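Subject: Structure for your review

Dear colleague,

Please find below the structure that I would like to hand over to you. My notes on what was found in it follow directly after.

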Amino acid sequence: MSAKSILLADDLASVSNSGRSRSHLLRDLAAEFSRRLNLPLRILYVANTQKAFLSKALQEKIKKKDKDSLMLLGKEMSHYPVKTKIISTEGEPVSGILKQEEKNAPLEMIVLGSLGKHGLKKAIIGSVSEEVLRRSTTPILILGPYARLIQFELPMDEPLRILLLTDLSSASAPAEQYAASLASRLQARLTVCYSVGHRIHQLKEMISSRRVSSQSIDAMFKDMQRDGEKLLLKKTQQLEKLNNSVESLLLKDEKNLEDVVSKKMGDAFDLIVMGTHSRNKFLTAFIGSSARNLILKSPVPVIICRSQPD
């Protein structure tokens, strides 16, 4: 089997200051992971010129502009200490990105940016990024809007600190395995984190909304904390077989996980890895609210590993 590569999917057509800044941050991030993992970097640009409302003259104008942008990108990437291949294609962006999973060498990860917009009913991370997250089987590294705002950069002279968020269910297994493998190859410090407080917070909201009262509820929550400690210890011991440097962290704050992580733990870690659930083999995978909100709020990049369909 061919060696893996890292895929960066970027929008070279963006002319805004924020768009150019995002592109440079994404290139630096993808190139640094390529360097540390000793893997080649593929940069993909999908020109969406197939829309019916675009005239032939406008399509040709876009192609000329894209050609100039790709030449400039090639010159810029020649200064990076990694083997880089620039791929340009036409069509629908999501399909173009997903096709790269089927072509050439297998992918280590896909690096994407997010728009960080807010819809009427829910926060969104950008239609292309979210659809790739739903459908891709490859780990996706997302640089969210807050991480872009503070100009996040990986530390150069210190071991990376990776935070693995797990719910201790089978759905988190792909994220756990990937985080342990990545930490081992990067010689990074890995912290396995389970938030029993998040689970208790969810249950309290459910109980409150249903007006359920029981004298045994407090005892149930104490049992959950004890069980969480035992299960987290067992999980940490399992992952130590894949990576000798593993620590555990049990969060008891009765708040949403993404709020605790983004506000209290951003300075303590350089990368977050977490899983997100699939519905089942007949339905499209979805991105859970915790994963989406964490991407939007996190001061560091987030790697999402999709669980296998049920």
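In strand S1, Ser5, Leu7 and Ala9 point one way, Ile6 and Leu8 point the other way, and all of these residues are buried. Please bear in mind throughout that this is a predicted model. Because five of the five residues of S1 (residues 5-9) are buried, the strand is largely enclosed by the rest of the structure.

S1 has pairing partners in S4 and S2. It runs parallel to S4, and four bridges join the two strands; serine 5 has leucine 107 as its bridge partner in S4. Four bridges also join S1 to strand S2 (residues 41-47), again in a parallel arrangement, and here alanine 9 stands opposite leucine 44.

The pairing continues from S4 to S7. Strand S4 (residues 107-113) and S7 run parallel and are joined by four bridges, with glycine 113 opposite leucine 143 of S7. S7 is in turn joined to strand S12 (residues 302-306) by three bridges, and these two strands run antiparallel. Within that pair, isoleucine 140 has isoleucine 304 of S12 as its bridge partner. Strand S7 (residues 140-143) is covered on both faces: Ile140 and Ile142 are buried on one side, and Leu141 and Leu143 are buried on the other.

Threonine 138 lies in the loop between helix H4 (127-135) and S7. Is this residue buried or exposed? Its relative accessible area is 9%, so threonine 138 counts as buried, the cut-off for that class being under 20%. Apart from neighbours within four places in sequence, threonine 138 contacts Glu101, Leu107, Glu108, Met109, Ile110 and Ile304. Of these contacts, Leu107 is also the bridge partner of serine 5, and Ile304 is also the bridge partner of isoleucine 140.

Turning to the nonpolar core, the largest one has 84 residues, of which Phe33, Ile162, Leu165 and Ile303 touch the most other members. Not counting residues up to four places away in sequence, phenylalanine 33 touches Ile6, Met109, Leu141, Leu154, Leu160, Leu186 and Leu271. Among these, Ile6 belongs to the buried residues of S1, and Leu141 to those of S7.

Helix H9 (residues 257-264) is mostly covered as well, with six of its eight residues buried. The buried residues in H9 are Leu257, Glu258, Asp259, Val260, Val261 and Ser262.

On the surface, Tyr146, Leu149 and Ile150 form a nonpolar patch with about 310 Å² of accessible area together. Isoleucine 150 is located in the loop between helix H5 (145-149) and strand S8 (161-165). Its relative accessibility is 41%, so isoleucine 150 counts as partly exposed.

Finally, some totals for the protein. Its secondary structure comes to ten helices and twelve strands. Of its 310 residues, 50% count as buried. The protein exposes about 16500 Å², 50% of which is supplied by carbon and sulfur atoms. Among contacts with a separation of 6 or more, 80% are between residues 24 or more positions apart.

Yours sincerely

Notes
Residues numbered from 1 in each chain as written. Predicted model: local features only at pLDDT ≥ 70, side-chain atom pairs only at ≥ 80, totals over all residues. Heavy atoms only, no water. Patch = residues over 30% accessible without salt bridge, like charges linked within 9 Å, V, L, I, M, F, W, Y side chains within 5 Å. Areas by Shrake-Rupley, 256 points an atom, 1.4 Å probe, with all protein chains shown as cover. Salt bridge = Lys/Arg side-chain N within 4 Å of Asp/Glu carboxyl O. Buried < 20%, exposed > 50% of the residue type's maximum accessible area, 1.4 Å probe, protein only. Core = buried A, V, L, I, M, F, W, Y, C linked by side-chain atoms within 4.5 Å. Contact = heavy atoms within 4.5 Å. Pairing = 2+ DSSP bridges.
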